[in-house]
Amino acid sequence: MEIIEKVKQEGVFLDGGMGSMLISRGLKGGDCAEKWNIDHPDVIQEIHQAYFDAGADVATANTFGASSFKLEKMGIKAGVEAINTQAVKNAKAAAKPGQYVAGDLGPVGEMLSPMGSMTVERAKDIYVHQAGIIEAAGVDLFLIETIFDLNEAIAALEAVQAISSRPVFCSLTFNQTKKGFFTLMGNPVEASMQQLRDAGAAAVGANCSLGSDSMIGLARQIRESVDIPVIIQPNAGMPQTGPDGTAFYPEDEILFAKNIIKIKALGVEIVGGCCGTTPAFIHRLRESKY
């Protein structure tokens, strides 16, 4: 069954956070999480397997920050193709029939002009390069996520469409203000979702930046804005700092699942987790009664 058919017929469960899982396995601040695809492929495969075993339908390949631009900023000037290709291989190694692999594209790594020095054309070229490698590795869909600038999201979407006919899910990050939900660049919910739909996204929605409580209201607005599938991936609450100075996410899998049930009741077809969520969160979702 194609992924979009499954979304429309049954709904789809995405996986949860990758970064928090890698931190628990030894990833240090400042390390390149995507380089673990090459250095520790067994660990990456184990994480994907854990999410599939927990009930996820889709594994998100560990390619979020693996563009040539971002890797160069981290001092990695070679290996873009190897890192992205191995990331997809790692995810596919865990997938069984009926399970899917998404190529993950995060923010380009520099704000678009006039706020930053990155032109739309340059951003699109960077996305085309990375997406082309991911496409060649054989993913089932693309996930553009954690984008706070609608113009960048559309650039990424157009870049993927230039090299692939696979479905593209596109997810923005929103902040909750006194006037409502807006991206960091001030993009409102309804217009953003509609423009992404009109640009050809197969599913649109929100991830990161909000816990599952706050995401309920945002999910309602997104669902009312468009008539295509909606994707929602909250954090496990807002990050907090413990007495020892380490960051943690306050929501447990029980509270998270209760809120996702409310989100699915709005008619949201695609759900999963973002920062701070683990396979235990996805397992709890799968066990929940809707």
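## A buried leucine

Leu285 is buried, with a relative accessibility of 0%. This residue belongs to helix α12, which spans residues 279–287. Ala56 is 229 residues away from Leu285 in sequence. In space, their C-alpha atoms are 9.5 Å apart. The model described here is a predicted one.

## Strand β4 and its partners

Strand β4 covers residues 141–147. Seven of its seven residues are buried, so the strand is largely enclosed by the rest of the structure. On one pairing, β4 meets strand β3, residues 100–105. The two run parallel and share four bridges. Within this pairing, Ala102 has Leu141 of β4 as its bridge partner.

Leu143 is bridged to Phe169 in β5. The chain passes from β4 through α8 to β5, and this β-α-β crossover is right-handed.

## Nonpolar cores

How many residues does the largest nonpolar core have? The count is 73. Leu22, Ile144, Met193, Leu196, Leu218, Ile232 and Ile263 have the most contacts inside this core. Helix α8, residues 150–163, gives the most to the core, with seven residues. In soluble globular proteins, nonpolar side chains tend to be buried together.

Ile144 shows what such contacts look like. Beyond its neighbours within four places in sequence, Ile144 touches Leu105, Ala153, Ala156, Leu157, Val160, Val168, Phe169, Cys170 and Ser171. A second, separate core has 14 residues. Among them are Ala102, Leu141, Leu143 and Ile270.

## Salt bridges

The structure has seven salt bridges. One of them links the side chains of Asp39 and Lys35, with an N to O distance of 2.9 Å. Asp39 is partly exposed at 42% relative accessibility. Lys35 is partly exposed too, at 32%. A further salt bridge joins Asp198 to Arg197, with the closest N and O atoms 3.0 Å apart. Asp198 is exposed, with a relative accessible area of 59%. Arg197 is partly exposed, at 27%.

Glu269 and Arg223 also form a salt bridge, and here the closest N and O atoms are 2.9 Å apart. Glu269 sits in the loop between α11 (253–265) and β12 (270–271), while Arg223 is in helix α10, residues 212–225. The pair therefore ties together parts that are 46 residues apart in sequence. Arg223 counts as buried, at 15%.

## Two cysteines without a bond

A disulfide is a covalent bond between the sulfur atoms of two cysteines. The count of disulfides in this model is zero. The cut-off for a disulfide is 2.5 Å. Cys275 is likewise in no disulfide, with the sulfur of Cys208 as its nearest cysteine sulfur.

The two residues can also be described by their accessibility. Cys208 is buried, with a relative accessible area of 13%. Cys275 is partly exposed, with a relative accessible area of 27%.

How values were computed. Residues are numbered from 1 along each chain as its sequence is written. This is a predicted model: local features need pLDDT of at least 70, side-chain atom pairs count only at pLDDT 80 or more; totals for chains, interfaces and linings use all residues. Side-chain values use heavy atoms; hydrogens and water are left out. Buried means under 20% relative accessible area, exposed over 50%, partly exposed in between (1.4 Å probe, protein chains only). A salt bridge is a side-chain nitrogen of Lys or Arg within 4 Å of a carboxyl oxygen of Asp or Glu. A nonpolar core is a set of buried Ala, Val, Leu, Ile, Met, Phe, Trp, Tyr and Cys residues joined through side-chain atoms within 4.5 Å. Contact means heavy atoms within 4.5 Å. Two strands pair if DSSP finds at least two bridges between them. A crossover is right-handed if, with the strands pointing away from the viewer, the path from the first strand over the helix to the second runs clockwise.
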